[in-house]
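The sequence and structure are shown first, and the notes follow by topic.

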Amino acid sequence: MEKDRIVVVRGSGGPGSGYVIAPHLVLTSAHVVPASGGGVSVFRPGRAALYTGQVVWRGTPEGRDDAALVLVEDSGWTPPDGGRPMRWGRLATILTGTPCETWGAPDLVQRKDRPTDTLHPTGTLNPGDREVGNRYVMNIDGHPPAPVGDGKSPWGGISGAALFCGDLLTGVIAADPGGRSRAVLEAVPAYVLLLDPSFRAVLAEHGAGVGTVLEAVEWQHLNDTADVAGGLVRSPAVLLHARRQIVPFRSRTKLLEQLYAWSRQPGFGAYLLHGPGGQGKTRLAQHLTDTLTAERGQVLWLAPGAAPEDLAVLAGAARPLLVVVDYAETRTAQLLALLDAAGRHRGTSPFKLLLARTAGDWWENLQSATSRAEDLLDGSPVTALGPLEPEAGQSRMQAYREAVDGYARHLPRIGDWRDHDWPALADRLGDRPLGAAGLAGALTLHMTALADLLDAATGTSGNIGDTGGAGPTAAEVEDRLLVHERRYWTTAAKTRGLMAALSEDTLADALAAAFLLGAHTNTDADAVLRRVPALADQMHDLRTRVRTWITALYPPASNDRSWGLLQPDRLTERFIGRHLNRDPELAHHLATNSNRPPINHPQAEQLLTLYTRAATHPPLRQLGPQLTTLITTHPDTLALAAIDTAAQAEHATPLLDALQQITDNPATPVDDLTALADKLPAASHLLAPLAAHVAERLTSTYRRQAQTDASRLPRLAISLNNLGSRLGQLGQLEGALAALEEAVTLYRHLADARPDAHLPDLAASLHNLGATLAGVGRLEDALTAVQEAVTLYRHLATARPDAHLPDLALSVDNLGVQLGKLGRLKDALTAIEEVVTLRRGLADARPDAHLPDLAASLHNLGATLAGVGRLEDALTAIEEAVTLRRGLADARPDAHLPDLAASLHNLGGQLWAIERLEDALTAIEKAVTIYHHLATARPDAHLPDLAACLYTLAAGLGGFGRLEDALAAIEEAVTLYRHLVAARPAAHLPDLERAQELRAVIQEVVKAGGAP
């Protein structure tokens, strides 16, 4: 709470307290003031000045919405300082003891003939207190106060005081309920007020209508509030930030409907929205979240600096939750922590993750990072966002005009730009050619509108000269905006006296260093600036002034940062690109400075990420070779970071070229190659060739060393096993087989000498060998290898069950698969029954981790039992699988609905086989319903399943005599199979022919009017 916002309000209901929420708007209690239009007096505690005000909104005195808004337009009124909008909050979990505070002028601290005084009580909130009555109950800390004069409540006069939880205005004090020894106060929750359209309208009319999203008070430290609407605007470029919503939203109706429906589904779900920067992903997400918060949904825009270990609290979400993660490809640690919280979330209320930025290798790596990630992210919808205005025409011109008008309304709020006649300048722009392909993207169109306005105001030509490097000859919009941004930098530097001590180039170096490396503390910031050659030997005081200049230009999004970034990102990237093109040596000074310690891994990642993105700008493609040289020159500092950056980058060629050169270099130490091999992800389409190449280099090195040093044999065995896996991922099965056979031979030798150390490695290599042998069609040999792996894991699991039982279960499961391929169904059944037993034990101990595996094994058991004719036992197994998967799907439908549909389909077949026809039909109809839902979201993944299930449904309906319904089902199946055949004829033509045959049979029966 802010002291200078506390006021006292005198109205028809007696004196009360209030809080200034906008320059001229006071929030207070309805029972303190008269009806709307009535007059009140307002003053600050301890001061004599009295100001007149008028009630502009009033709820119900003593009622559910006991609050009011007072407009203070008295000529003597001085608004409190502070430019950021009010932030509003609500409780979002069932956690008790949430700290809170209020500040008002209750009777208990008033003294006769003395100025009005204040009290600043603290306390806690419990979400269950008065929940049905829509009240928050503040449990006051300390001993409750005694009544004052004639037994009156000591809390008289505090009505209307704001209730804060941290930085969030969470309610308005309404009553002292009595009966609890004056130890509690009741408040009208902020959510009650913000759900009232008339309340929101008054806020908007009087300058408090921005930033009215309800944040979760328990998670406010996790919320990204940077650059949202409201607050001080220092630079025109800030207006481009999507979350400020300066330009009206242009609808993507179909996608919004899809996202809205997805967000309302029960349980967990993740949705990846990807595309190049500037297509409107952030703005689309903001529009969706505005819709959800208006419906009392809870939204969290996850702050980039939020610590992964702090995200566990999200598991306690008690209402529908949507977490938005922008630039998701750079935030793997946070995403894994979010998935862990989602996995522990109880109940069926929605818990959704909306991920935005690029799709690619990082997404595949995330899905395979942990078993929980694989489980939760399986089947997640992925949508590429196309251009907003793909055609040059009236629609694009309308979008341009909306942007011009929006920026013209807001530019007067910016200090150095206040004195221009922006409406007139906007009118003079008129219609302009908008046929360039780049203008199809939302951000480019908006940047063009802003640049046109700024150029018109300053008389700047569309063709610009040097912008801090080899300036462009064409009027590219990023460079045009940077011209105006440089004026902002220079003006601020002159104000601080920096231009007299430092050149403009040195200040630009400092900005580039700040953006490329970042800093958490003032000490970190000074270390970054000392890497700039011209600042290294300067006085500490001068570097401090440079740091405060950067912080003032681009304030940090959170308190754990020294400065922020130029927004939008494309401007940062263009500035960095132009600057490094002019002076590539600056990046070398930043990466490794002989006078400074090496930069840390996050700084290296940030440097490479911005450098890589800058190199994708068409005028800056020459930066790619420079970036490759930077990494190969400083491999100790940058090589490992290059792997992480490559997995996240849209265009990773310069990074991959550098890593290839480092790997090929004979002088690269084996320890560095090993570090690269350990860093490379287990599965990665993009990095798979590099991973195989590193494995080959290590294998050759260790083979050479092992010829003279037997102690290197374990390293050779490890490298051979890794090489086999890496080659297998590339589809080079013969090479993989040779490597794995050699690895097995070596591990046999090593295990003979030291079984405790090497038997697990031998078992794992045999398991991998079996899978590879099966892949090349050597099924008998594959079975032999897998059987030996199972034997070894049995021995290991006997000694250390906690460590090796999951491996044993996986290996026995593989054994069952191999036996089934060879037609040995009875032996396969024995194996799968053992897997079920093993996984029951594992699931009893750790259900979250192992229940999905148990359900899968039961599903397979049902199919195998049916294959050997044990139909009743098969039914028991598949019914249990359905029960488990139904429970899993209730909690996390996006992860488990496909499995549930498959088991329901299987269940229908088993019921049909024992002539429980009605039950069979019910199960199959449920499976069809689920597959319809799944195929709507992800047709490529689920249309084949839907078509197969429709075929089964048609056969069942026909056999049950429902011929018209059967014909409708098979017609749909035929239509789907025709679509599938068009894409993959070899895979689906037999299915189409089979469906057409069944359709012909049903049609004949319908025509004949005969029995099924």
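A salt bridge is a side-chain nitrogen of Lys or Arg within 4 Å of a carboxyl oxygen of Asp or Glu. By this rule the count comes to 36 salt bridges. The model is predicted: local features need pLDDT of at least 70, side-chain atom pairs count only at pLDDT 80 or more, and totals for chains, interfaces and linings use all residues. Residues are numbered from 1 along each chain as its sequence is written, and side-chain values use heavy atoms, with hydrogens and water left out.

**Glu-329 and Arg-613**
- The closest N and O atoms of the salt bridge between Glu-329 and Arg-613 are 3.3 Å apart.
- Because Glu-329 lies in the loop between strand E17 (321–326) and helix H5 (332–344) and Arg-613 in helix H18 (residues 601–614), the pair ties together parts 284 residues apart in sequence. Helices (H or I, at least four residues) and strands (E, at least two) are DSSP runs, numbered from the N terminus.
- Both Glu-329 and Arg-613 are buried (under 20% relative accessible area; exposed is over 50%, partly exposed in between; 1.4 Å probe, protein chains only).

- Arg-578 pairs with Glu-476 in a salt bridge, with the closest N and O atoms 3.3 Å apart.
- Arg-578 is buried, at 4% relative accessible area, whereas Glu-476 is partly exposed at 25%.
- A network of salt bridges links Glu-476, Glu-478, Asp-479, Arg-570, Arg-574 and Arg-578.

**Glu-834 and Arg-794**
- In the salt bridge between Glu-834 and Arg-794, the closest N and O atoms are 2.2 Å apart.
- Glu-834 belongs to helix H29 (residues 825–845) and Arg-794 to helix H27 (residues 779–799), 40 residues apart.
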